[in-house]
Each structure stands twice: as C-alpha cells, then as structure tokens.
Amino acid sequence: MKAWQKLYTFRGTSRFSTWLFGIAFNEFRGAARQRKELALEDMAESPPELEEPSGAAGSNLRLDLTEALKLLNSNERAAVVLCCQNGLSHEEAAQVLDCPLGTVKTNVLRGKEN
C-alpha cells in the first residue's frame, strides 16, 4: 500500500526493485524504532542457494547463518543481508540504506570477515 501511495516519488534513476526495497526497509526501520529495536535477524533467513533439500545438514547451515548474522552490528547485518542474500549491488544497497557507497562496501567487507 505504501509503495502505491509513494509511486509518484519513483524517478527512474534506479531499478524499480531498489526503490521498492527502500520503501520496505524504511517501513521496517520505522516499526523497529517504535519497538525500540533495530534487529535484522527477522530478515536473516538463509539464502536459497545455501538451502539443502531437507535434513539435519541444511537445518544446521540455516541456524549457523542466522547465528552468525546476529553477531554483526546492525549496519553490517543490513548491508550483508541486502547485498549477499537479496542480491542488491552495493550502489543499490546504499540507496536503500540511505548512506554513502563506501560505507556499504566497508560494512559488507567487515560483515563477511566477522
């Protein structure tokens, strides 16, 4: 609904999906602020390429990934989830997160290292 209401703000300078991610992320961030938290573990599901058909190995991998993401600070987690899990480019993630490109690159790098 929010995207429909804000459709007039889409300028076409980025992909439509990037613009849509931005609206969704801002709504998520606003709701988290109201709850006094900014935790992205809700978004931290394992990416499809890491999922195994079924069984203990696939389940353990999802748990490991979720636990690893919880160890990151919120900025690193957001950058890693957007770029690595959701396939956004660093530039697109910078638009969604409303921060400089270099900051996103640094957060992705640090997140992967951690």
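Q: Let's start with α5: which residues in it are buried?
A: Glu92, Ala93, Ala94, Val96 and Leu97 are the buried ones in α5. Bear in mind that this is a predicted model.

Q: Glu92 is on that list. Why does Glu92 count as buried?
A: Its relative accessibility is 12%, and Glu92 counts as buried because the cut-off is under 20%.

Q: What does Glu92 touch, leaving aside neighbours within four places in sequence?
A: Arg15, Thr18 and Gly87.

Q: Is Asp98 buried or exposed?
A: Exposed, at 67% relative accessibility.

Q: OK, core next. Which residues touch the most other members of the largest nonpolar core?
A: Phe25, Leu82, Leu97 and Val104, out of 13 residues in that core. Four helices each supply at least two residues of this core: α2 (16-34), α4 (74-85), α5 (90-97) and α6 (101-113). In general, nonpolar side chains tend to be buried together in soluble globular proteins.

Q: What is Val104 in contact with, leaving aside its neighbours within four places in sequence?
A: Ala79, Cys83, His90, Ala93, Ala94, Leu97 and Cys99. Leu97 is also among the core residues that touch the most other members, and Ala93, Ala94 and Leu97 are among the buried residues of α5.

Q: Switching to α4: how many of its residues are buried?
A: Nine of 12, which leaves α4 mostly covered. The buried ones are Glu76, Arg77, Ala78, Ala79, Val80, Val81, Leu82, Cys83 and Gln85.

Q: How far does α4 reach from its first C-alpha to its last?
A: It reaches 15 Å over 12 residues, close to the 16 Å expected at 1.5 Å a residue.

Q: What caps the N-terminal end of α4?
A: Asn73 does that, with a side-chain oxygen 2.9 Å from the backbone nitrogen of Asn75. Past the other end, just after α4, Gly87 takes a positive phi of about 75°. Gly87 is also one of the residues in contact with Glu92.

Q: Which residues does Asn107 touch, not counting those up to four places away in sequence?
A: Asn75, Glu76, Ala79 and Val80. Asn107 itself is in helix α6, and Glu76, Ala79 and Val80 are among the buried residues of α4.

Q: Is Asn107 buried or exposed?
A: Buried, with a relative accessible area of 11%.

Q: Where is Trp19, and what does it touch away from its neighbours in sequence?
A: Trp19 is in helix α2. Not counting residues up to four places away in sequence, Trp19 touches Ala3, Lys6, Leu7, Thr9, Phe10 and Ser14.

Q: Why does Trp19 count as buried?
A: Its relative accessible area is 12%, and the cut-off for buried is under 20%.

Q: How far apart are the C-alpha atoms of Trp19 and Glu92?
A: They are separated by 8.6 Å, while the two residues are 73 residues apart along the chain.

Q: And what separates the C-alpha atoms of Asn26 and Val96?
A: That distance is 8.1 Å, for residues 70 apart along the chain. Asn26 lies in helix α2, and Val96 is one of the buried residues in α5.

Q: How accessible is Asn26?
A: Asn26 is partly exposed, with a relative accessible area of 39%.

How values were computed
Residues numbered from 1 in each chain as written. Predicted model: local features only at pLDDT ≥ 70, side-chain atom pairs only at ≥ 80, totals over all residues. Heavy atoms only, no water. Core = buried A, V, L, I, M, F, W, Y, C linked by side-chain atoms within 4.5 Å. Buried < 20%, exposed > 50% of the residue type's maximum accessible area, 1.4 Å probe, protein only. Contact = heavy atoms within 4.5 Å. Expected span 1.5 Å × (residues − 1). Polar contact = N/O pair within 3.5 Å; in protein donor to acceptor, adjacent residues only side chain to side chain.
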